[in-house]
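I opened a new notebook page for this one. My plan was to look things up one at a time and jot down what came back.

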Number of protein chains: 2
Amino acid sequence: MKRPGLGGGAEFDLIRSFLGDAADDFPATRFAQVGPGDDCAILRGGIALSVDMSMEGVHFLREWLEPEEIGYRAAAAALSDLAAVAAEPIGVLAALAAREDDTDTAVRVMAGVRALVGSLSATLLGGDFTRSAGPLVIDVVAVGAVTRPVLRSGAVPGDGIWVTGSLGGAAAAVQEWRAGRVPEPSARDAFARPRPRTAEAAWLAHRGVARALIDLSDGLAGDIGHVAAASRVGVIIDAVTVPVHAAARGIAPDDRAALRLALAGGEDYELCMSAPAGAVEALAADFAEQFGVRLTRVGEVVEGSGVRLRDANGDVGDMPFSGHDHLRGSG
Amino acid sequence: MKRPGLGGGAEFDLIRSFLGDAADDFPATRFAQVGPGDDCAILRGGIALSVDMSMEGVHFLREWLEPEEIGYRAAAAALSDLAAVAAEPIGVLAALAAREDDTDTAVRVMAGVRALVGSLSATLLGGDFTRSAGPLVIDVVAVGAVTRPVLRSGAVPGDGIWVTGSLGGAAAAVQEWRAGRVPEPSARDAFARPRPRTAEAAWLAHRGVARALIDLSDGLAGDIGHVAAASRVGVIIDAVTVPVHAAARGIAPDDRAALRLALAGGEDYELCMSAPAGAVEALAADFAEQFGVRLTRVGEVVEGSGVRLRDANGDVGDMPFSGHDHLRGSG
């Protein structure tokens, strides 16, 4: 789900061209209140919708994952878009393409979808099955309900930027697999079984602390750029505060390489929010107790535009990491 | 969207296994009123949702279609599922996978999606873009609104079975392409630019004549089996009444081959409904005048189960055509 408030880069120029006029001027309709450009489309009445495609060879390799994990992960990625607007999960529709001689895999992939969906008390609402001419493809439509969505566009100078959990674990797993090694269990799990932060997002939204919200699918360095663009503000990320996943630290040759995994590795499916100064500090302990997940302040919103990085010496420069540099190429 | 009321065949057994428990006992939730098994999932509040995947090499070949037509057709197939429950189109989400060196095609495919959606006064609500590891894949989520959905399960013995338009045109185009020939324009158009019958379905539903409704994506022979199964009735199709597309007649060596294209060719995206005796006859002229499309009575609902065919001699036997026998293998 993309639109005018997109960050820079050729990929997002492409998405703008997909949208045609809708990129510049999404027509308010009697049915839709939020169109392309946030993590979900939101219909009047508060139904939130997002679609997420996962393709073998692009988003995952079969050698890495069990079929159930392929489905679980695809569904988690789609439902993470609901978390990104603070919507409650209703269910999913899943479209699957698999080779005709591979229906056992297809059945196991769908079992993984059902497992993730069931764990969130949501429902498999329907789907589509197709013979594939090649790769396994799974497309998951996330359907949620939201009364007061938190969009990308609400960040205000002076806000703090916060993230849930730790970053770079999934990217660490991918890097290990690519090097022919077996990732450590916590990294593998971060990639194979990400947990959509829907309950966490609802909790934060209910307390009114999140002014802007997004989920981290492409990496903080790129994703926070969408918040900056949609909110017409700048963002400074503090390198030393980024909660780098222990597995990313473990495999990285130095701090900068670890930071790259955390900021540009992608696939974290953690939440990132902008919140007024002081608002989150008062709730962070309750949040950690409730969810077993920490909230970390990783930067601040400033006047201007774009995303910059403050290094360990306090010097602020251009964000050196962009987009994300591994398997996944999705927007 | 499939479920308990599915017709027979290995493909539908597979879909049942995808659904797990939901296949037998879709849990009524506080959000969903219709789950897997009809043409759309329908949320409480009347939002209808369906997802439809189109893959290069399975649903189309690039040699056959312009990129805009690939997008137009994919969106039409998805929106046809809205027609199948008499829902009004709100918009679509589209997920596209294309090779990195082929973004021009991707942009043109999306222009086709926008053209179809715009022609129905609907909106492109959002989407996802991914690099493809191989084939072009487009997945379209249709979003509609419906107050009183017409499902597959309402057919009653004594009803007539009616279809809109003519059948077999798209299949005739595919057969010509496969034989290395150029299909005639009306056949090519039936395949490349099907028109979802959303307005026609709303008109019929508004007048209360449709007891059961489905769209014809896999061919009448197979699709009407889903109505029979969901309604726990039998159906007899009258061979001589089937409105075979002129292009199908034109290329078929005999009447039986033409009938096969019309009943098992698929991709027609016409409506098929069950209606009380006499109800449609009174409206058919108005309908034809309003939409420039005829309604044809092609059979009847009887006690029992399954689908049979009445031949030109009046003899009733097993339906000799099943599923559908060309490019598309989707459910």
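**Ground rules.** I am working with a predicted model, where local features need pLDDT of at least 70, side-chain atom pairs count only at pLDDT 80 or more, and totals for chains, interfaces and linings use all residues. Residues are numbered from 1 along each chain as its sequence is written, chains are lettered from A and ligands numbered from 1 in the order in which they are written, and side-chain values use heavy atoms, with hydrogens and water left out.

**H4 and H5 in chain A.** Next came helix pairs; helices here are DSSP runs of H or I with at least four residues, strands are E runs of at least two, and both are numbered from the N terminus. Helix H4 (residues 169-178) and helix H5 (residues 185-192) of chain A pack at about 105°, with axes 7 Å apart. I noted them as roughly perpendicular, the label for 65 to 115 degrees; under 35 is roughly parallel, over 145 roughly antiparallel, and the rest oblique. The axes are lines fitted to C-alpha atoms over the stretch in contact, and angles run from 0 to 180 degrees between N-to-C directions. Among the residues that meet are A:Trp177 from H4(A) and A:Phe191 from H5(A), contact meaning heavy atoms within 4.5 Å. By class, this contact divides into eight nonpolar, one polar and one charged. Ala, Val, Leu, Ile, Met, Phe, Trp, Tyr, Cys and Pro count as nonpolar, Asp, Glu, Lys and Arg as charged, and the others, Gly among them, as polar.

**H6 and H10 in chain A.** The axes of helix H6 (residues 198-206) and helix H10 (residues 284-291) come within 11 Å and cross at roughly 150°. That makes H6(A) roughly antiparallel to H10(A). A:Trp203 and A:Leu204 are among the H6(A) residues here, and A:Phe287 and A:Phe291 are among those in H10(A). I wrote down five nonpolar, one polar and two charged residues for this contact.

**Single residues.** Is B:Glu176 buried or exposed? I found 10% relative accessibility, so B:Glu176 counts as buried (buried is under 20% relative accessible area, exposed over 50%, partly exposed in between, with a 1.4 Å probe and protein chains only). B:Glu176 sits in helix H4 of chain B and touches B:Arg181, B:Val182, B:Pro183 and B:Ile251, leaving out residues up to four places away in sequence.

A:Glu100, in the loop between strand S4 and helix H3 of chain A, counts as exposed at 56%. A:Glu100 and A:Arg131 are 31 residues apart in sequence and 5.7 Å apart in space, C-alpha to C-alpha.

**Positive phi.** A:Tyr269 has a positive phi of about 55° although it is not a glycine, and at 3% it counts as buried. B:Arg232 also has a positive phi, near 55°, but counts as exposed at 74%. I placed B:Arg232 in the loop between helix H7 and strand S9 of chain B.
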